Amino acid sequence: MALAQDIVRALKEMLPPAEFTALHEPSFVGGSEWDYVKECLDTGWVSSAGKFVDRFEEMLAHFTGVERAIAVVNGTVALSVALHLAGVEPGDEVIIPALTFVATANAVSHLGAVPHFADCEERTLGLDPEALAGYLDRISQMKGGECFNRASGRRIRAVVPMHIYGHPMDLKVLDQVCSQYSLVMVEDAAESLGSYYKGRHTGGFGLLGTLSFNGNKIITTGGGGAILTNNHELADAAKHLTTTAKLPHRWAFVHDQVGYNYRLPNLNAALGCAQLEKLNGFVEKKRALARRYEEAFAGVGGVSIFTEPADCRSNYWLNVLILDQGLESQLEPCLAATNDAGLMTRPAWELMHRLPMYESCPRMELPIAESLAARIINIPSSPQLAG
Ligand SMILES: *Cc1c(COP(=O)(O)O)cnc(C)c1O
């Protein structure tokens, strides 16, 4: 109980006084949101065509330093389409961290593929590439240049690193593991827009990467996502597939594949352009908030604020308090005390292998993911809180 009260006190002393403080709220003040959205309404370009989609895609590619960005309706379908374009077929296995939001696993399953869960590491909270390499060495077999799970007989086609809470995982070592086992890397960068690994933006390291602009992410389009890639052929295929696979023509409706209607509406893209103009400001504020949290919790025993891994610049999308080992029993009391005090906090997501639809999926030993999931508390992280 004492720890829970210490946490409530530290948060209250630091945060602006309020009856309720949300975990993460979008911010639409002081920018062009109203102007751009009004322009859509005034001109009638609200839906599947309009200049804001192109502009948003160009701005995203420029910001993230990739060749191409394709805007779609959400981050889940962005990941599904990216995996499909990376060659994932029904019956393949795809390695993902056990500690992730359920969308990562769902995107794999929507393709008829099977998520295969990997452990994470304390240093980054992300997938542990060295543990993965040791595991693959034990359980896989290379055949015809492809990696197979010896127990299930299924091909292991891809790995999806996820930069949890905005903190980049160890992409360099993972890249080596991918080369060694012929795995395609597709990054789930839904939480890491504005985060850099060794000076390069996340989401551009894999063959493809994906973003989300859901209402709780660092910028929002109401709902939305994007596919990132440096490969023009894949980018063209992504655009084609997500826009009903229609062949360009002045009037004819001819489609050459079973396409999807996943295009981001112009109305949402307009909001996205205005939000993207403010992204650097949001990141600055979130980084300042993280530093203040670090100071505020420096004197509180039993917990620590997670700080960005070496060689990384994190967007600090959600700040993370981690209880010391041995204090797992304090997690529920801490969540109860903070939420009772009007301070919205949340635990880590339930680990994927504990969800009913994923409990029989293949997985490695998950000691670190299990330990972290019992000790993580996300605390209020809206950029507005930095003052
Ligand atoms: C938000 C999120 C997604 C995608 O979410 P959508 O709500 O479909 O946009 C995917 N993966 C992770 C890790 C996320 O946090």
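Predicted model: local features only at pLDDT ≥ 70, side-chain atom pairs only at ≥ 80, totals over all residues.
User: Where do K38 and D42 lie, and how many residues apart are they?

Analyst: K38 forms a salt bridge with D42, and their closest N and O atoms are 2.8 Å apart. The two residues are separated by about one turn of a helix. Both lie in helix α2, which covers residues 33-43, and they are 4 residues apart.

User: Is D42 buried or exposed?

Analyst: A residue counts as exposed when its relative accessible area is over 50%. K38, its salt-bridge partner, has a value of 48% and is therefore partly exposed. D42 has a relative accessible area of 54%, so this residue is exposed.

User: Which parts does the salt bridge between D236 and R68 tie together, and how many residues apart in sequence are they?

Analyst: The closest N and O atoms of D236 and R68 are 2.7 Å apart, and the two residues form a salt bridge. Because D236 lies in helix α8 (residues 232-242) and R68 in strand β1 (residues 68-72), the pair ties together helix α8 and strand β1, parts that are 168 residues apart in sequence.

User: Which residues are linked with E89 in a network of salt bridges?

Analyst: Here the salt bridges join into a network that includes the arginine R155. Linked with E89 in this network are D92, E146 and R155.

User: What is the order of the strands in the open sheet of 3 strands, and which strands stand at its edges?

Analyst: The pairing in this open sheet is antiparallel, and the order is β9-β8-β13. Two of these strands have a single partner strand each, so one side of each is left without a neighbour in the sheet. The strands at the edges are β9 (200-201) and β13 (312-313).

User: Which residue in β9 does Y197 stand opposite?

Analyst: Strand β8, which covers residues 196-197, pairs with β9 in the antiparallel sense over 2 bridges. Across this pairing, the residue in β9 that stands opposite Y197 is R200.

How values were computed: Residues numbered from 1 in each chain as written. Heavy atoms only, no water. Salt bridge = Lys/Arg side-chain N within 4 Å of Asp/Glu carboxyl O. Buried < 20%, exposed > 50% of the residue type's maximum accessible area, 1.4 Å probe, protein only. Pairing = 2+ DSSP bridges.
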